[in-house]
Amino acid sequence: MPVQPGVYASLAELIEMRHRAREVQLFSTPSRRSPLVGLHHSKLRGRGVDFDQVRVYQAGDDVRTIDWRVTARTQEPHTKLFHEERERPVFVLVEQSRRLFFGSGLAFKSVLAAQAASLFGWAALAHNDRIGGLVFGDAEHHEIKPRRSKQSLLQLLSRLVRVNHSLDAEVAPNRDGFSLALRRAREVLRPGSLVVILCDERALSDTSELQLGLLARHTDLILLPLSDPLDHALPAAGLLRFADRDAQLELDTHDAELRQAYGQQAETRRARWQRLSQKLGVLLLPLSTRQEVVEQLREHLQQKGAGR
């Protein structure tokens, strides 16, 4: 049965994202710094103790790593590189639950999450970082250990697609899935890892916020909460009926007070993510189904670059 674009993710589509990764500068290179990730990384966090090589000093290098012997011999500043500066674990924690199996824009939120996860994965691999991740849903989670290997990324993407294609199954929602996934990430990740978190905007709770705070103590985080335009505003479309198994809900969307209250709840959620990112000092890059993922990340990059 052919995959419905925008409703289900396909492995071919996620593999093709490796070409789109070149369109947005997610990671810094020696000649070009990324306003998103490159400036976010701590100078000290995650740097290993294993000496790797010496190269010519570049603007932005830590002056404490200058190799004075080589500098004196060559009459040109040189700096030491350590293993973790060149190759760090990048861990993509991506949600694939039934609450993401919805969308009124270009794609379902679950597909948007898969596309963004793939984009970061290919960018990390091109940057010679180790890539792994954790796919979590309502009834299961699948963990891929970070390795600097294309096979590791393909394993993650294959598992992601497999879980994505099972979202139409009748499974009881797990409200603690996000918190459990964060706790597992804390258990397996080494200090200095970069954790890319893709989850529903509604996933943030007191427990998950606590877990994010603990995770941010030893890793760098990028938060990408996912939403759909209908998560933020109800259209004045008259009487709407919703059903989920035996539960049913009927809403009169002509009720202005109801639409206002709905919008205020959405704004409260967005403000909570903003406060959390400021408190933890981490990047917040919200994504919406209304726009293509590469375009959104490019806009975030331009905004961060302009704010430097």
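Phe 178 is buried, at a relative accessible area of 1%. Buried means under 20% relative accessible area, exposed over 50%, and partly exposed in between (1.4 Å probe, protein chains only). This is a predicted model: local features need pLDDT of at least 70, side-chain atom pairs count only at pLDDT 80 or more, and totals for chains, interfaces and linings use all residues. Residues are numbered from 1 along each chain as its sequence is written, and side-chain values use heavy atoms, with hydrogens and water left out.

## Aromatic pairs

The structure holds three aromatic pairs. Rings of Phe, Tyr and Trp (its six-membered ring) pair if their centres lie within 6.5 Å; planes under 30 degrees apart count as stacked, over 60 as edge-to-face and the rest as tilted. The rings of Tyr 8 and Phe 101 have centres 5.5 Å apart and planes at 45°, so this pair is tilted. Tyr 8 sits in the segment before α1, and Phe 101 in the loop between β3 (89-95) and α4, so the pair ties together parts 93 residues apart in sequence. Tyr 8 is buried at 14% relative accessible area. Phe 101 is partly exposed at 21%.

A further pair joins Phe 136 and Phe 178. Their ring centres are 5.9 Å apart and their planes lie at 20°, so the pair is stacked. It links distant parts of the chain: Phe 136 belongs to strand β4 (residues 130-136), Phe 178 to helix α6 (residues 177-188), 42 residues apart. Helices (H or I, at least four residues) and strands (E, at least two) are DSSP runs, numbered from the N terminus. Phe 136 is also buried, at 3% relative accessibility. Elsewhere, Tyr 8, Phe 101 and Phe 108 form one aromatic cluster.

## Packing of α1 on α4

Helix α1 (residues 11-20) packs with helix α4 (residues 109-126) at an angle of about 50°, their axes 8 Å apart. That makes α1 oblique to α4; angles under 35 degrees count as roughly parallel, over 145 as roughly antiparallel, 65 to 115 as roughly perpendicular and the rest as oblique. Axes are lines fitted to C-alpha atoms, for helices over the stretch in contact, and angles run from 0 to 180 degrees between N-to-C directions.

From α1, the contact includes Leu 14, Ile 15 and Met 17; α4 contributes residues including Val 111, Leu 119 and Trp 122. Contact means heavy atoms within 4.5 Å.

## Ser 227

Ser 227 lies in strand β7 (residues 220-227). At 6% relative accessibility, Ser 227 is buried. Leaving aside neighbours within four places in sequence, Ser 227 contacts Lys 109, Glu 201, His 232, Leu 287, Ser 288 and Thr 289.
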